[in-house]
Amino acid sequence: MAVIKPPYLGAAYYPEGWSDQRVDEDVRQMKETGINLVRLAEFAWSRLEPEEGRYDFGWLRRVIAKLDAAGIGVILCTPSATPPVWLTEKYPDILPMAEDGRRTTHGARLHYCPNHEIYQEYIRKINEALVQEFDSCSNVIGWQVDNEVYTWQGKGCFCPTCQEKFRQFLKERYGTVEQLNRCWQLTLWSQEYKNFDQIPMPRSDVWHHPALKTAWLEFQEDSITEYVSRQYRTIKKYSRKPVGTDMMPLPLVSHVKLTREADVVMFNHYNDEDNLGQVFFWFEYLKTLRDIPMWNTETDPCGNGSTARQAYKPRGFCTVNSWLPLIFGGEANLYWHWRAHRAGHELMHGAVIDAHGRPNHTYGEIKQLAADFKRCADFLVQTKVSPAPIAIHYDALAEKQFLAQPIAAGLKYQPILRDCFYEPLRRAGQRVDIIPPCHDLSQYRVVLSPLLPYIEQELLSRLYSWIEAGGIWIAGPLTGCRDAAGGQLEKPLGPLEEWAGCVRRYALAANEKYPFDLHDVYGEKSDGAVWYDAFQTQEGRAAAVYWNASYELAGMAAVVERKIGKGKIILLGTVPQKELLLRLVEVDTSRQAVKDYQQPDYQLSDNLLAVPRVTGNGLEAGVLLAEFTGQKGQLYLTRKAEDLRTGQLFSGRVEVSPWTVMVLRYVE
């Protein structure tokens with residue numbers, strides 16, 4: 001009987017494509033490699049139920065038993081992402097419909113309408129059979145629902161069922177069609193509806209109302225969330241083991257909603273050496289969703305691809321990429337996948353071993369990773385990520401609203417948050433959480449809410465109390481400027497003008513031909529970007545002003561701050577450059593620390609990622625560190641530390657080699 005404990009290193013495995021003899025060889029190699037967890041059965045419906053009502057679980061039970069004998073755990077997956085052909089032939093209307101009225105055909109994956117009740121019933125039956133058959137297996141440590149759920153084709157299903165449910169969604173939200181007409185101001189262009197049955201699904205060949213497009217994406221998101229939650233509830237009827245769904249870094253389905261009933265946060269990502277740092281934003285976000293474990297359920301071991309392999313990644317990339325989930329507080333890193341397929345859609349995707357059973361070029365790194373995870377296990381399990389003093393709001397609804405109505409031409413919501421707010425702070429050595437609007441604020445010294453057009457009253461109330469207690473809220477640009485439907489408020493920024501003690505006079509989109517220079521109260525010059533709100537101050541103080549006398553904004557405030565109780569609000573009219581942002585956040589750049597917050601026990605170059613760890617009682621225990629750009633990094637330690645991967649002791653100035661991970665435990 002296997003006893004499998006975190007940290008986990010593993011891979012997805014598809015034994016339904018191989019003989020029993022090949023499975024025996026795979027399990028032997030898995031044990032030799034040192035991995036301790038595999039994912040099974042996520043696409044195996046046709047093998048699990050070859051005919052309606054006739055289950056064939058014997059082959060899967062034999063695989064699970066062989067893995068158990070080798071000391072390898074299992075995440076068992078529901079097969080709902082790939083309905084078998086006997087089901088799609090019997091009920092072709094479970095297949096999703098495009099906006100032109102054509103249904104897709106069998107032969108892909110996620111080819112289902114999440115709202116189809118007959119399909120949901122078939123899922124319930126096979127899930128019940130699976131969990132009753134396999135949950136008692138000692139090495140089954142958890143369950144995964146479906147696979148990488150998303151809004152189909154980025155637009156969703158347009159079938160009659162979805163149309164009916166969408167109209168019901170609108171009716172429940174607005175109550176009456178007259179209220180919807182008022183909220184969306186449909187008197188314009190004679191768009192008023194007499195009843196909900198007249199409201200169309202938004203098509204790409206029609207210039208639809210932004211509120212209709214946003215509401216449609218919200219409805220599709222809710223449909224997918226309920227589709228996943230039904231499966232959670234089925235499994236939980238029979239199992240006490242953790243259940244989750246493996247999410248992608250995609251904006252159209254809220255990760256908050258998908259994890260609301262989950263017991264574990266699951267995440268899949270595929271980054272390369274040019275954009276590896278972009279996934280930091282997502283890990284910072286995922287670790288704040290719930291106080292539950294985080295498992296990175298998919299990343300590639302040696303190269304992404306489907307019918308064509310993408311470019312080679314350098315030696316050491318796999319090591320850093322595999323450690324990232326653990327650096328951010330997660331428990332697991334799993335590869336897609338163990339053995340490369342012999343044929344099919346993803347024949348050229350990287351794997352731990354190739355289709356012939358021969359190890360790929362990163363196999364040595366993966367063996368070393370398994371040994372290092374085991375060597376560092378006690379430290380990882382007995383410590384946790386140190387709390388961050390700074391947070392940035394990220395909102396899935398804001399992403400949808402900006403898709404329907406960008407406000408500023410070319411505005412890209414998530415890249416601006418990541419590149420203009422998160423990255424400058426991270427590179428300055430700051431610990432930053434990415435949080436949803438529903439997240440508790442009490443641990444943070446500073447909260448930034450850029451590009452948050454709609455703010456619920458509940459959040460406004462929490463923010464005001466938090467500011468009064470001493471918090472610094474940096475809001476804007478384009479924060480608090482819209483209602484829930486994406487329309488204008490009675491005042492340009494709702495209550496934020498009053499909070500900041502100013503009046504917004506002008507609002508302009510950025511134009512590279514006409515840069516608006518800023519001068520701040522620190523005597524420094526800088527530029528803004530994306531958007532320019534110009535404020536006339538009243539009780540508030542101008543922290544930066546527009547300077548160029550050639551433009552109408554000259555002399556008006558670009559940034560306003562005002563004390564509220566023990567804290568203050570800082571209202572941004574534009575996206576600030578790095579230097580101004582750091583000053584507003586009150587980062588002492590000579591010490592690289594937030595004022596009134598504990599100075600870290602290290603300093604580092606900005607090509608190093610460092611995430612400190614604390615003990616259960618909050619004492620500094622060490623830091624996990626990675627060089628992620630392929631360049632040499634510089635680290636300065638003010639305390640002596642042992643790298644648990646190598647046993648080496650370090651203090652003072654340390655040169656960090658490219659693509660290196662260090663698990664540093666303080667020894668004095």
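I took helices (H or I, at least four residues) and strands (E, at least two) as DSSP runs, numbered from the N terminus. Glu148 then falls in the loop between β4 (140-144) and α6 (160-174). This is a predicted model, in which local features need pLDDT of at least 70 and side-chain atom pairs count only at pLDDT 80 or more, while totals for chains, interfaces and linings use all residues. Residues are numbered from 1 along each chain as its sequence is written, and side-chain values use heavy atoms, with hydrogens and water left out.

Backbone angles.
I read phi of Glu148 as near 50 degrees, positive although the residue is not glycine. Glu148 counts as buried because its relative accessibility is 10%, where buried means under 20% relative accessible area, exposed over 50% and partly exposed in between (1.4 Å probe, protein chains only). Val530 also has a positive phi, near 75 degrees, and sits in the loop between β17 (525-527) and β18 (531-537). I found a cis peptide bond from Pro6 to Pro7, omega near 5 degrees, with Pro7 in the segment before β1 (8-13). Another cis bond joins Trp336 and His337, with omega about 10 degrees; His337 is in the loop between β9 (332-335) and α12. Most residues other than glycine have a negative phi, and most peptide bonds are trans.

Helix α12.
Cys376 is among the buried residues of α12, which include Phe373 and Ala377.

Aromatic pairs.
I paired rings of Phe, Tyr and Trp (its six-membered ring) with centres within 6.5 Å, calling planes under 30 degrees apart stacked, over 60 edge-to-face and the rest tilted. The count comes to 40 aromatic pairs. Phe281 and Tyr394 are edge-to-face because their centres are 5.9 Å apart and their planes at 85 degrees. Phe281 lies in α10 (residues 278-286) and Tyr394 in the loop between β11 (390-393) and α13 (396-404), 113 residues apart. Phe281 is buried at 0% relative accessible area, and Tyr394 is buried at 1%.

Whole chain.
I counted 17 helices and 29 strands. Buried residues make up 59% of the 668.
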